[in-house]
Amino acid sequence: MKIATWNINGVKARLETVKTWLKEAQPDVACLQEVKSMTEAFPADVFEDLGYNVAVHGQKSFNGVAIFSKTPFDEVIIGLPGNEADEQARYIEAVIPGDKGIVRVASIYLPNGNPVDTEKYPYKLEWMSHLKAHAETLLAYEEPLVLAGDYNVIPEARDVHAPSAWEGDALYRPETHAAFRAIMNLGFTDALRAVNAEDAQYTFWDYQAGAWPKNNGIRIDHMLLSPQAADRLESCRVMRETRGWEKPSDHVPVMIDLAV
DNA sequence: ATGACCTGTTTAACAGGA
């Protein structure tokens, strides 16, 4: 089963780009972030026409996450359990049947956290703490589990073009790294790093200042695998070529193949 | 060149992103 994650930066602006990608890459499951659409306004029919079942957790203007699946969902959970007071649409989870059993998949849009001297940074750390608590619950199910999304976390120096330029940034601060490691240390595998140890495996390039032609990127889109998913991992690829397409998102998809 | 963008919104400048 091919499972992908992609921050599309607006479903309306990216309609043709996402359709092209779905037709070419043929993911069985696609986790999208920053759809920037209310649930009711989401163009689900466009993707249903391509053979997908569509689950959306949207809001007006900003944020918003979705999961597409070729197979009907067994279950959909809207919002991060245990964080019901959160007004921002940043989490959706679904259980999807595969050939050999189910897989549980979440589409996550973790807060950016900048500027760090505002309430945005504690909000990010608090959100990560809620995610950790829920991840711990899910790991106890001992299922193939994929926590996919835009984490807004640069894990290591090899994941950023100019580490010194990111010191103090919410994506790269020690507190951010500590919170991310606390989640990883529950027992997750970073799918990309399970198959590729090279540096510069970027998933985001700013639209500004020629970041893409200069390859000034960062790796912030991740697929975290439970042990039962990691044991079934067959491949993981960053779909870098999509950043060169017409009307690109500033992020590119990451796609895994799981034997489920 | 210390330059350079993109999206959504109460369609004219903002806010937000990373």
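The structure is a predicted model, in which local features need pLDDT of at least 70 and side-chain atom pairs count only at pLDDT 80 or more, while totals for chains, interfaces and linings use all residues. Residues are numbered from 1 along each chain as its sequence is written, chains are lettered from A and ligands numbered from 1 in the order in which they are written, and side-chain values use heavy atoms, with hydrogens and water left out.

Side chains of opposite charge can pair when their charged atoms come close. The model holds nine salt bridges, a salt bridge being a side-chain nitrogen of Lys or Arg within 4 Å of a carboxyl oxygen of Asp or Glu. One of them joins Glu93 to Arg104, with an N to O distance of 2.8 Å. This pair links distant parts of the chain, since Glu93 lies in strand β6 (residues 91-97) and Arg104 in strand β7 (residues 102-109), eleven residues apart; helices (H or I, at least four residues) and strands (E, at least two) are DSSP runs, numbered from the N terminus.

Arg104 also forms a salt bridge with Glu143, the closest N and O atoms being 2.8 Å apart. Here Glu143 is in the loop between α3 (120-139) and β8 (145-150), and 39 residues separate it from Arg104. Glu93 has a relative accessible area of 1% and Arg104 one of 7%, and both Glu143 and Arg104 are buried, where buried means under 20% relative accessible area, exposed over 50%, and partly exposed in between (1.4 Å probe, protein chains only).

Arg158 and Glu156 likewise meet in a salt bridge (2.8 Å, N to O), but Arg158, at 29% relative accessibility, is partly exposed, and Glu156 is partly exposed at 35%.
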